[in-house]
Amino acid sequence: METTSRVLPTGSSPEVGIAPPRVFVGAALGAFMVLLDVTIVMVALPSIGADLDARTTGLQWMLDGYTLVLSALLLGAGSLGDKFGRRRLYLIGLAGFTLASIVCAAAPSIGVLVAARAVQGAAGALVLTGALSLLVQAYPDPAKRAQMIGLNGAIGGSSIALGPVLGGLLVDEVGWRAIFLINVPIGVFAVWLILRAIPESSDPEHANIDVPGQLLALLLLGSLTYGLITSGEHGWGSPRTVVSLGVAVAALATFLAVEARAARPMLPLGLFTDPRFSVANLAALVLGFGTSGMFVLLSLYLQQTQGRSAIATGLLFLPLTIAICLISPFAGKRSGRRGPFPVMAIGYLVAAAGLFGIALLDAHTGPAVFIPLTVLLGLGMGASITPTQAAAVTALPRSVPDSPPRPRTPAGKSAPPSASRSSACSSSTPLLATGSAPTHTPPAS
């Protein structure tokens with residue numbers, strides 16, 4: 001869906017003109033902050049568990065709950081910005097994320113921390129989609145816009161690699177609560193910039209808010225994640241596991257029925273009739289859930305089993321995240337030349353080999369073995385993410401079913417692409433890289 005941009009008559013600041021450099025910095029800071037919180041918590045898990053008397057399942061919920069909510073709300077968040085104002089929703093996301101970070105830092109129990117992390121995820125979805133929409137508005141020239149969106153993605157991707165090292169430093173020198181307080185100055189400064197950098201815009205006539213579909217998607221991912229987490233503690237045959245997985249199946253069936261009948265569905269089901277699209281999304285699901293618990297276990301393994309410090313753990317995670325970031329662009333280029341599926345096949349095989357090797361680690365395994373195995377996993381994940389995304393997007397028709405026709409600007413030229421479409425595509429890659437639940441990736445054009 002592609003939209004026009006216009007200034008809202010109320011609740012906006014007409015005197016504020018567009019200042020592209022400030023918009024870029026404000027958008028990049030927001031994306032950096034949201035993606036940083038995907039990985040910065042990894043090395044803090046043992047400290048959080050000891051301080052809050054939390055079990056492994058609680059720590060996994062603290063980590064996965066954030067990315068689950070963030071991923072599930074990406075598509076809907078873009079439509080909210082189209083309807084109620086893109087700058088307004090972005091500022092709400094920034095403020096909500098900053099306040100939720102303060103609650104995380106002050107959390108007296110693991111339950112409060114998990115809840116605050118879920119709020120962070122919801123606010124983060126507004127930030128990631130809003131950042132892309134503001135960049136689209138600030139840079140009308142397609143070439144310049146693509147350049148700035150790519151630079152924004154690179155800055156966000158760098159936060160993935162920086163997270164474990166920065167987290168380890170803060171945990172060792174200040175304490176685990178500091179990893180959340182670092183968001184406060186970033187969020188406040190980003191709000192200050194955006195308030196002075198760009199006027200309000202919206203497109204309520206073409207906003208597509210599928211409330212039933214969004215709620216069912218949250219229920220589906222939440223119950224599925226709960227079932228997978230609780231199966232490790234209580235077994236696959238336990239009532240908790242069976243009921244939660246049963247709820248996931250029921251939610252999936254209901255979601256499919258609702259989307260099939262919706263006039264403007266969040267996820268047009270006709271897309272899945274193309275095997276390329278179906279295979280790509282299934283592969284992304286396997287990759288996301290196959291690695292979701294690995295980071296929790298590796299953090300506990302390195303610190304509790306091997307007795308390493310938080311900063312040492314962060315440094316040992318660094319080769320993995322660097323491998324993901326380095327190989328992803330190369331995999332994208334190869335996919336463009338030879339198609340995504342051969343590259344995907346190699347990537348998934350390499351990732352599987354890395355996971356198999358990591359499963360054989362023991363208490364005495366040293367960095368000389370640990371680092372090559374994690375680099376192998378990172379190379380496999382990096383080689384899988386971009387081609388998987390490309391395969392899903394390539395399989396999409398130029399006009400998504402059940403979407404309104406492309407509107408025209410007063411000059412008769414086609415309007416720039418909707419940020420609600422492009423942001424979900426751009427944001428899913430780093431989330432998959434860290435084991436979050438995957439999201440549908442719609443076209444950016």
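## A mostly covered helix

Let's start with helix α13, which spans residues 294–305 and is mostly covered, with 9 of its 12 residues buried. Here, buried means under 20% relative accessible area, exposed means over 50%, and partly exposed lies in between (1.4 Å probe, protein chains only). The buried residues of α13 are Met 294, Phe 295, Val 296, Leu 298, Ser 299, Leu 300, Tyr 301, Leu 302 and Gln 303. After α13 comes Gly 307, with a positive phi near 70°.

## What kind of model this is

This is a predicted model, in which local features need pLDDT of at least 70 and side-chain atom pairs count only at pLDDT 80 or more, while totals for chains, interfaces and linings use all residues. Residues are numbered from 1 along each chain as its sequence is written, and side-chain values use heavy atoms, leaving out hydrogens and water.

The score pLDDT is the predictor's confidence in each residue, from 0 to 100. For the protein chain its mean is 80, and 83% of the residues reach 70 or more. Over residues 1–14 the pLDDT stays under 50, and the model has 54 contacts beyond four places in sequence for them. Over residues 399–445 the pLDDT is also below 50, and this stretch has 133 contacts beyond near neighbours in sequence in the model.

## The chain as a whole

How many helices and strands does the protein chain have? There are 17 helices and 0 strands. Both kinds of element are DSSP runs numbered from the N terminus: helices are H or I with at least four residues, and strands are E with at least two.

Of the 445 residues in the chain, 56% count as buried. A contact means heavy atoms within 4.5 Å. Among contacts between residues at least 6 apart in sequence, 83% join residues at least 24 apart.

## Helices α1 and α6

Helix α1 (residues 20–39) packs with helix α6 (residues 110–138) at an angle of about 155°, and their axes are 9 Å apart. Axes are lines fitted to C-alpha atoms, for helices over the stretch in contact, and angles run from 0 to 180 degrees between N-to-C directions. The two helices are therefore roughly antiparallel to each other. That term covers angles over 145 degrees; those under 35 count as roughly parallel, 65 to 115 as roughly perpendicular, and the rest as oblique. The crossing of α1 and α6 is left-handed. A crossing has this hand if the near helix is turned anticlockwise from the far one by less than a right angle, and is right-handed if clockwise.

On the α1 side, the residues making the contact include Val 23, Phe 24, Ala 27 and Val 34, and on the α6 side they include Gly 124, Val 127 and Leu 128. The contact residues divide into 13 nonpolar, 3 polar and 2 charged. For this count, Ala, Val, Leu, Ile, Met, Phe, Trp, Tyr, Cys and Pro are nonpolar, Asp, Glu, Lys and Arg are charged, and the others, Gly among them, are polar.

Val 34 of helix α1 is buried, with a relative accessible area of 0%. Leaving aside residues up to four places away in sequence, Val 34 touches Tyr 66, Leu 70, Phe 97, Gly 124, Val 127 and Leu 128. Val 34 and Gly 187 are 153 residues apart in sequence, and their C-alpha atoms are 9.8 Å apart in space.

## Helices α3 and α10

Another pair is helix α3 (residues 56–72) and helix α10 (residues 211–234), which pack at an angle of about 160° with axes 11 Å apart. That makes α3 roughly antiparallel to α10. Their crossing is right-handed. Among the residues that meet are Trp 61 and Leu 68 in α3, and Leu 218, Tyr 226 and Ile 229 in α10. The contact residues comprise 7 nonpolar, 5 polar and 2 charged.

Is Asp 53 buried or exposed? Asp 53 is exposed, with a relative accessible area of 70%. It lies in the loop between α2 (45–52) and α3, and its phi is positive, near 55°, in a residue other than glycine.

Leu 75 is in helix α4 (residues 74–84) and counts as buried at 16% relative accessibility. Leu 75 and Met 266 are 191 residues apart in sequence and 7.5 Å apart in space, C-alpha to C-alpha. Thr 321, in helix α14 (residues 310–338), counts as buried at 5% relative accessibility. Not counting residues up to four places away in sequence, Thr 321 touches Ile 160 and Ala 161.
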